[in-house]
Amino acid sequence: MNTKKFKNIILFQVFLTFALAIKAIFFPYSLAPEELTKAIIAYDGLQPLPDLFTSVFMLIFIILSIISLIMLFKLKKFGRTLYSIAIAGSFLIVFSGNYFVYDSLELFLESGITLISGLIIGLAYFSNINKSFK
């Protein structure tokens with residue numbers, strides 16, 4: 001694998017992340033059945049807002065993820081470590097919230113992002129691209 005393909009994989013993850021964010025913000029339950037959508041919206045209206053610690057942790061995670069992807073794209077050695085920390089932080093964020101209902105498109109995008117994250121970590125540490133990091 002060469003660095004051009006590696007950078008394209010990183011760009012593909014950024015694209016999928018933006019696609020998931022747009023889908024989740026503007027069309028949250030577009031593929032869910034109408035009755036389920038009404039029930040979820042009613043339940044979500046009763047839930048409290050996230051606490052300050054969770055909100056700050058999510059903001060730090062988002063900033064850390066953006067910085068780590070930029071550093072990985074530039075093939076910086078510290079970017080690999082930062083990216084691994086960002087992925088570990090994303091697993092912790094899952095435990096800080098309530099349940100979340102995915103529709104099929106969100107599940108597809110989220111699964112793709114997860115697979116590509118693992119691919120990026122594997123390529124960055126265990127392929128010949130490892131020697132390209134400075």
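K38 counts as exposed, at 55% relative accessibility, where exposed means over 50% relative accessible area, buried under 20% and partly exposed in between, with a 1.4 Å probe and protein chains only. This is a predicted model, in which local features need pLDDT of at least 70 and side-chain atom pairs count only at pLDDT 80 or more, while totals for chains, interfaces and linings use all residues. Residues are numbered from 1 along each chain as its sequence is written, and side-chain values use heavy atoms, with hydrogens and water left out.

The side chain of K38 meets that of E34 in a salt bridge, at 3.4 Å from N to O; the term stands for a side-chain nitrogen of Lys or Arg within 4 Å of a carboxyl oxygen of Asp or Glu. Side chains of opposite charge can pair when their charged atoms come close. E34 and K38 both belong to helix α2, residues 34-46, and are 4 residues apart, about one turn of the helix. Helices are DSSP runs of H or I with at least four residues, strands are runs of E with at least two, and both are numbered from the N terminus. An α-helix has 3.6 residues a turn, so residues three or four places apart point the same way.

A charge is said to sit over a ring if NZ of Lys or CZ of Arg is within 6 Å of the ring centre and within 35 degrees of the ring normal. The charged end of K7 sits in this way over the ring of F73, 5.2 Å from its centre, and that of R80 over the ring of F133, 5.0 Å from its centre.

Rings may also pair with each other, which for Phe, Tyr and Trp (its six-membered ring) requires centres within 6.5 Å; planes under 30 degrees apart count as stacked, over 60 as edge-to-face and the rest as tilted. The count of aromatic pairs comes to 4. One of them is formed by F12 and F15, whose ring centres are 6.4 Å apart and whose planes lie at 25°, so the pair is stacked. Both residues lie in helix α1, 3 residues apart; F12 is partly exposed, with a relative accessible area of 42%, whereas F15 is exposed, with 53%. The rings of F53 and F57 are stacked as well, because their centres are 6.2 Å apart and their planes are at 15°. These two residues lie in helix α3, 4 residues apart, with F53 exposed at a relative accessible area of 63% and F57 partly exposed at 29%.

What lies inside? The largest nonpolar core has 18 residues, of which F6, I10, L72, Y83, I120 and F133 touch the most other members; such a core is a set of buried Ala, Val, Leu, Ile, Met, Phe, Trp, Tyr and Cys residues joined through side-chain atoms within 4.5 Å. At least two residues of this core come from each of α1, α3, α4 and α5, and the largest share, 6 residues, is supplied by α5. Contact means heavy atoms within 4.5 Å, and F6, leaving aside its neighbours within four places in sequence, is in contact with residues including L72, I120 and F133.

Helix α4, residues 77-94, has buried residues that include G79, R80, L82 and Y83, and what covers its buried residues includes α1, α3 and α5.

Taken as a whole, the chain has 5 helices and 0 strands. Of its 134 residues, 29% count as buried, and its C-alpha trace spans about 55 × 30 × 20 Å along the principal axes.
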